[in-house]
Amino acid sequence: MSKIKTENVNVYYGSKQALFDVSVDIAEKEVTALIGPSGCGKSTFLRCLNRMNDVIEICRVEGSIKMDNLELNSRKLDVVRLRENVGMVFQKPNPFPKTIYENVAYGPTIHGIAQSKEEMDQIVETSLKKAALWNEVKDRLDEIGTGLSGGQQQRLCIARAISVSPEVILMDEPCSALDPIATAQIEELIDDLKKEVTIVIVTHSMSQAARVSQKTGFFHLGKLIEFGPTDKIFKNPDNQQTQDYITGRFG
Amino acid sequence: MNLILVTFIILLAFTSYYFGRKKALVIQSSQRLTALPKFYGYYLAAWCAAPALIIFALWSVFEPSIVKTFILQDYTDQNLTKNELQLIYTKVKALAAGTYTGNITNFLDESANKYIQLKGIANSAKVAIILAILIFSLSFAYRSVQKNDRMREPVEIFLKWVLFVASLGAVLVTIGIVFSLLFEAIRFFQAVKIFDFIFGTHWYPAKTFVRDGQPDPELMKDAFGAVPLFAGTFFIAFIAMCVAIPIGLLSGIYLSEYAGRGVRKYAKPIIEILAGIPTVVYGFFAALTVGPFVKEIGNAMGLEVSAESALAAGAVMGVMIIPFISSLSDDVITAVPQNLRDGSYAMGATKSETVKKVIFPAALPGIVGSILLAVSRAVGETMIVVMASGLAANLTMNPLESTSTITAQIVVILIGDQQFGDPKTQSAFALGISLFIVTLFLNVIALSVVKKYREKYE
């Protein structure tokens, strides 16, 4: 089942074009990995999917991005609603300078999801449990989120993202600031989450892409070079550039 | 004479810098240098200038008092008081300079000649000693250069001491100011009870004026009550903050979060121009424009309004403070990391929700700091109050009446005729030190608040 379908997406930063005719079909409840060398446009593409490029003044997006047949690249789109449905986890853990509880409750509060304090407590607990953080923080929910370790902070950000029950979660190199143990925990978490959520993950680590994803897209110089099942991309790619990148000949 | 001497020392130091560097290059041809050639130059220059200048400074400090002692030795048998001796010395100096117009006695004439003679000796001795020191220290330093001793360390140590002396100077000046305030204030409190000063509710120093002798202690009792001044100071500062905090903060938030690059580029400098307007201009703006305007509006509404009202002064002071708050809070808000904004937007928060729930709390320590800074600025502001809020120290909480502040009263006390040693004059020092304590207190609170929040948010 297709969840997000893009056609001929072009992105410009001022006069510089960052993405060229990207057309891709992202399947529901699967993990899609985007790989490629630095500056190849994979993060730019990811940010198109929840309209985070709106924040950048000089950025312009062209083409069609459809999620469940809803056109995302449209002036009429309610960005607030979209971002409730499409969560995001960033490269550097960025919990708010608030308590752990407030961090997770942030989304439900601004979207008016919880009707009562009990319901909110429930949401916070489930989100933290899904993010595999509950056992570590359940006794100190009123401590500041920025006081946690890097890996815990990133799981807190994942808990924050899933607190509003999004259908899609975008992850922009979520493990690049973490140590191997924390990385393993996050990867395990991604595996659990994909039962309920569609995940698009940008990563620099090809082994990570191979471990967690079902589909992989290879970007180079703003173009989507190849897209397909992860097994095929890593074992038997069609394109010579993909082959070279996978085998470490460049990038 | 002194100017020529100092110029000579400095020129010599420059010359020795170039000489030292050149010498290093010569040494370089035969052996390895211990430091870059410029350090050889610095070394020579430092040895040339520092000892000579230090001796010169010490000499200049002590010479006058030594000469004075010599002159006044001749008068010790006359049983004169300290003030009389001082007067005689002033006369002698004036006579020596040729500006004395009184009766010239033989004795005085003799002293003046002795003074001129002493000065001459002192000057020649000074030049001789400084030249000797220059020759000695330069030859000492030159020998080390020749021996190719370590050059870098002594220069670094020398620089450390230069920096130390500079900071010591700043600290000593501060201490000196505080103590001069303190001593005069103590003398004031010998005449007026500290209790009457702090809790008295009447400020009317002119009442204590008497032509001769000491003023009546009963009158003193309720002429120097500082309560109306403290109340007025904080009242006007409060009005000012009521104007400045909302406008400054909101414009700071607009500039940092909402304004496009074009708007920001022009709006920020324009707001900062407000900070560059001299306070005296604000003062007559308040006195001639805002004051009468407030009075007219008040009269139209049937209120009794004084032309010089606390409201006018406070409002204009608030306008003056807007750029402080707006510019500082703009800076601290801009400094909030972009990834916190991204995190909030990615959750589907709107701009205003992001500002209110994430950015404002994260920037709060800086904002509180800037507000407290603005408060101490408002408390210390003088000119606007002097010009726009009258000088009568009324104890009132009505913004439409005139009132006065500590700073304005200090101005009133110290302009025009005053006598030193008069309690009226000394009261200015007492007010000064209380104002100093108040602002010091505000700054300490500001720092601790900022620190507390910073711990919480980092």
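Reply: Helix α4 of chain A is followed by A:A132, whose phi is positive, near 55°. Helices here are DSSP runs (H or I, at least four residues), numbered from the N terminus. The model is a predicted one, in which local features need pLDDT of at least 70 and side-chain atom pairs count only at pLDDT 80 or more, while totals for chains, interfaces and linings use all residues. Residues are numbered from 1 along each chain as its sequence is written, and chains are lettered from A and ligands numbered from 1 in the order in which they are written.

α4(A) comprises 14 residues, 117–130. At 1.5 Å a residue, the helix should span 20 Å, and its end C-alpha atoms are 20 Å apart, which agrees; the expected span is 1.5 Å times one less than the number of residues. Within α4(A), the residues A:I123, A:V124, A:S127, A:L128 and A:K130 are buried (20 or more other C-beta atoms, placed from the backbone, within 10 Å of the residue's own; 12 or fewer for exposed, and partly exposed in between). Viewed down the axis of α4(A), these buried residues fall within an arc of 160°, so they line one face of the helix; the arc is that of the directions from the helix axis to the C-beta atoms. On the other side of α4(A), A:E118 and A:Q122 are exposed. The buried residues of α4(A) pack against α3 (100–110), α5 (134–137) and α6 (150–162) of chain A.

The contact between the chains takes 21 residues from chain A and 18 residues from chain B (two residues are in contact if their C-beta atoms, placed from the backbone, lie within 7 Å). On the side of chain B that touches chain A, the elements giving two or more residues are α12 (338–346), α13 (351–380) and α16 (423–457) of chain B; α12(B) gives the most, with 6 residues.
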